[in-house]
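I opened this notebook to keep track of what I looked up in the structure. The entries follow the order in which I went through it.

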Amino acid sequence: MTTPYDILIIGSGPGGYVTAIRAAQLGFKTAVVEREHLGGICLNWGCIPTKALLRSAEILHYAQHPDAYGLKIEGKVSPDATAIVKRSRGVSQQLNGGVGFLLKKNKVDVIWGEATISKVGEVTVAATKKAPMLPQNPIPKGVLGAGVYSAKHIIVATGARPRVLPGIEPDGKLIWTYFEAMVPPAFPKSMVVMGSGAIGIEFASFYKAMGVDVTVIEVLPQIMPVEDAEIAGVARKRFEKLGLKIMTSTKVTKVEKSANEVTCHIEDDKGVKQTIKAERLISAVGVVGNIENLGLEKLGVKTDRGCIVIDGFGRTNVPGVYAIGDVAGPPMLAHKAEHEGVICVEAIKGLHPHPMDKLMIPGCTYCHPQVASVGLTEAKAKEAGYTLKVGRFPFIGNGKAIALGEPDGLVKTIFDAKTGKLLGAHMVGAEVTELIQGFVIAMNLETTEEDLMYSVFPHPTLSEMMHESVLDAYGKVIHT
Amino acid sequence: MPINILMPALSPTMEKGNLARWLKKVGDKVKAGDALAEIETDKATMEVESVDDGVLAKIVVADGTADVPVNQLIGVIASEGEDAKAVAAGGAPAPAAAAAPVVATPASAAPAPVVAAPVPAAPAHNGARVFASPLARRIARDSGLDLAKISGTGPHGRIVEKDVKAAISGGGAKAAPTPAAARAPAAPSMSEDMTKKLFDPALYEEIPHDSMRKTIARRLTEAASTIPHFYLTVDCDIDVLLAAREAINAAAPKNKDKQPAYKVSVNDFVVKALAVALQRVPDANVTWTEGSILKHKHSDVAVAVSIPGGLITPIIRKAETKGLAAIANEMKDFATRAKERKLKPEEYQGGASAVSNLGMFGMKNFTAVINPPQSSILAVGAGEQRVVVKKGAPAVATIMTATLSCDHRPIDGALGAQLLSAFKQLIENPMGMLV
């Protein structure tokens, strides 16, 4: 038994490692337990490597349309699955090493293995069952091994994993999750993507760009169901123009597998049945929290629908046990996990952080075109009883967008008519994931429409559309 | 130009009031000086008077609206020659731009005008900038709240939407707590719903708070939790006083209806004795403020008067200069008007010390909560016959126990003891009050 830690974090994903660094900064003796890869899913199998893949897709798209920019490319530009995957893995590897460096720099102990909370204040770590992924994710040097560790505060940051639909279990060959979709040995000719959330639509976008015949099947009437309906509608039109097949209000009822093909039996909301054949099926029907084998049941830690129940400061119902990130419930986003972790340890320190306001958490999807949003959708704002002022500005009215050759998209802003409070902002189009932060700050600072109108936006930029959208909500728009 | 009628501040401390009823209807002609509406504050009912001739064009805040913040627009008058309908439809211009001062006068007294000034766009906070989010500023402005009186919970104490909303629902712009208090985690108090769940709804009657109850709750919670109280108790032999009282009352001249010109009570002696004691111990005749101690020249003694649904503390001003008969008659007038809730704010605001007497209920001894800006309060019990030791032998005397609550910030223990000791000396030797 080693000296007790102040804070021990289970999981080194974006929530866990950021929490560990913040805890160390606050003077806590801190350790983090990891069983397979520093940086978690986000960095190794999620956010980061998909962005690398999508960057390849984007460049391929431009290379295939040189004439649109007055260029000529002699010869053929074609994707190389192996090289694209290699680049993506390299990006993960670099950042994975970076996390190890940051933890070491902050004197956070890394314990390698599978953790179980044996009792309040004590974590038992067993040797990991998962082999290190070589070469890109080796076991870092200088880590501690299996054993019993005590800690005053234990923070569960074990993240989530793909949800599995019964009968459509991923097999790693024909039915993929994001793990297999991230490292295709070659591009299949055809593919069905089940689920149109961020993960499904990003992979659909990527594989479509790579020349794969992609069909997206969504059980709800709208793709990207958490997004504003109007924005999702604009995105859908654009996807379909790029050749993506989309079927909404449709569910996959059965999947039959043959040697190198799946047959999906699908049924729409009117009961019309049909089958679709494709070489691969990606199951992207959401994620569920990793709450198993942690000893939570024995401790009596309260869970709800596969996630640990916490208060605004990451506290569970059991004193001394905390949870943050995906395992603590939606929205399952890396930036939400990081923030929850920081709030959690600052509260333990006795600082007075503000509890998480989930309405202020932006969401970004890096499909083509991109989608980004923060706050309430128009429908949710109406549901909440607000009288609305809604502003819209299309990309076609923006000089920079035209110069970029990106005339498709929309920036939409939603205000409370009574107070001028910015309730939500929703965007679809080029680079909107980089723009949304302007509105996030505006909402956090509680600006009204007036402050946004008074702000000077640089010309020529895409950000001018944010200004114009606000002006439009109050009947002052210039460029439409 | 249309004239905005704003919720008047009937006293310097008034934050909001209830609009009891309109005395004019939309379309009624009004002349300057006409009573337009009745405003009910925590302790009094007053009338809002028109400052100009015109027609009542629009009623913005309806009869019976509770907790209307000071300076909120309550109605609009169309000036002579203006189309009342157009004025009503167009609404009034922004209050800050065009608000004409509305003079509020107590309903029952000669004009003592209190002018409701429009809210300045950026309220001064001891001259310093108030940090508030744009949204918080706008909601506060629309609700007529003074941001300077709201404590912020945002980064670096910045006032955010939540704080303004809490101030609106929690009763006007609250006085900002001291930084230390603001940072201390609030003691978990039971929510209304949690409390109600403890009882069967069939087995109680729910009585909503009226404005007086809210004021009592707010002020005394604040007083009890922010003022460091300490208590001093003394027994007073009042046999001499009782004899003097009888003689004084017997000597009262009678009018043609055989009514005596005055009837002095024991409490009037107590008020007078406390007033004189405050003069003899002037360091205890004080008010505490954050920056200084206000040492008063005269003895303004508040007297707690129980009225249906609450209590009020009218003040005998310069009580040390007044005779017992004058004090007796003033108290009688206060008590009558207090029960009708017709006291003027200046009659119950201020004071340096106070008297609370529960002797008539047979209470032997109790302690009272200081009512700021006062720095002490004397809790007086019943005069009762007790066996005491006099000159080494048991004897029967009429004894009245008095307990002084002191604010320890301006009044230290020895100082409080000097005050109470001076009081005892006077109450036991009432002739001393005459000189």
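Entry 1, strand β15 of chain A. The model is a predicted one. I began with β15(A) and asked which way its residues point. R280(A) and I282(A) point one way, L281(A) and S283(A) point the other way, and all are buried. I noted the general rule beside this: in a regular strand the side chains alternate between the two faces of the sheet.

Entry 2, the partners of β15(A). I looked up the pairing on both neighbours. Strand β9(A), residues 190-194, is joined to β15(A), residues 280-283, by four bridges, and the two run parallel. In that pairing I found V193(A) opposite I282(A) and M191(A) opposite R280(A). β8(A) also runs parallel to β15(A), with two bridges joining them. There, W176(A) stands opposite I282(A).

In what order do the five strands of the open sheet lie? I read the order in chain A as β8-β15-β9-β10-β11, with parallel pairing. The edge strands are β8 (175-176) and β11 (245-247) of chain A, each of which pairs on one side only. I then looked for a helix on this sheet and found α6 of chain A, residues 198-209, which packs on it and touches β9, β10 (213-217) and β15 of chain A. The direction of α6(A) makes about 165° with that of β10(A).

The crossing is left-handed. From α3(A) the residues T50(A), L53(A), L54(A), A57(A), L60(A) and H61(A) take part, and they meet E202(A), S205(A), F206(A) and A209(A) of α6(A). I sorted this contact by class and got six nonpolar, three polar and one charged residues.

I checked its length. α4(A) covers residues 81-105, and its 25 residues at 1.5 Å each should span 36 Å; the end C-alpha atoms are 36 Å apart, so the two agree. Its buried residues are I84(A), S88(A), R89(A), S92(A), N96(A), V99(A), G100(A) and L103(A). I noted the general point that an α-helix has 3.6 residues a turn, so residues three or four places apart point the same way. What do the buried residues of α4(A) pack against? I found α1 (14-25), β2 (30-34), α2 (40-45), α3 (47-64) and β3 (109-112) of chain A. Just after α4(A), K107(A) has a positive phi of about 60°.

I counted 12 helices and 20 strands in chain B. Of its 435 residues, 39% are buried. Taking contacts in chain B between residues at least 6 apart in sequence, I found that 64% join residues at least 24 apart.

I picked G381(B), which lies in strand β19 (residues 376-390) of chain B. Is G381(B) buried or exposed? G381(B) is buried, because 22 other C-beta atoms lie within 10 Å. Beyond its neighbours within four places in sequence, G381(B) has contacts that include L358(B), F366(B) and M400(B). The C-alpha atoms of G381(B) and N357(B) are 6.3 Å apart, though 24 residues separate them along the chain.

Entry 8, where the chains meet. Nine residues of chain A are in contact with eight of chain B. On the chain A side I sorted them into one nonpolar, four polar and four charged.

Key:
Residues are numbered from 1 along each chain as its sequence is written. Chains are lettered from A and ligands numbered from 1 in the order in which they are written. This is a predicted model: local features need pLDDT of at least 70, side-chain atom pairs count only at pLDDT 80 or more; totals for chains, interfaces and linings use all residues. Two residues are in contact if their C-beta atoms, placed from the backbone, lie within 7 Å. Ala, Val, Leu, Ile, Met, Phe, Trp, Tyr, Cys and Pro count as nonpolar, Asp, Glu, Lys and Arg as charged, and the others, Gly among them, as polar. A residue is buried if 20 or more other C-beta atoms lie within 10 Å of its own, exposed if 12 or fewer, and partly exposed in between; C-beta atoms are placed from the backbone. The expected span of a helix is 1.5 Å times one less than its number of residues. Two strands pair if DSSP finds at least two bridges between them. Axes are lines fitted to C-alpha atoms, for helices over the stretch in contact, and angles run from 0 to 180 degrees between N-to-C directions. A crossing is left-handed if the near helix is turned anticlockwise from the far one by less than a right angle, and right-handed if clockwise.
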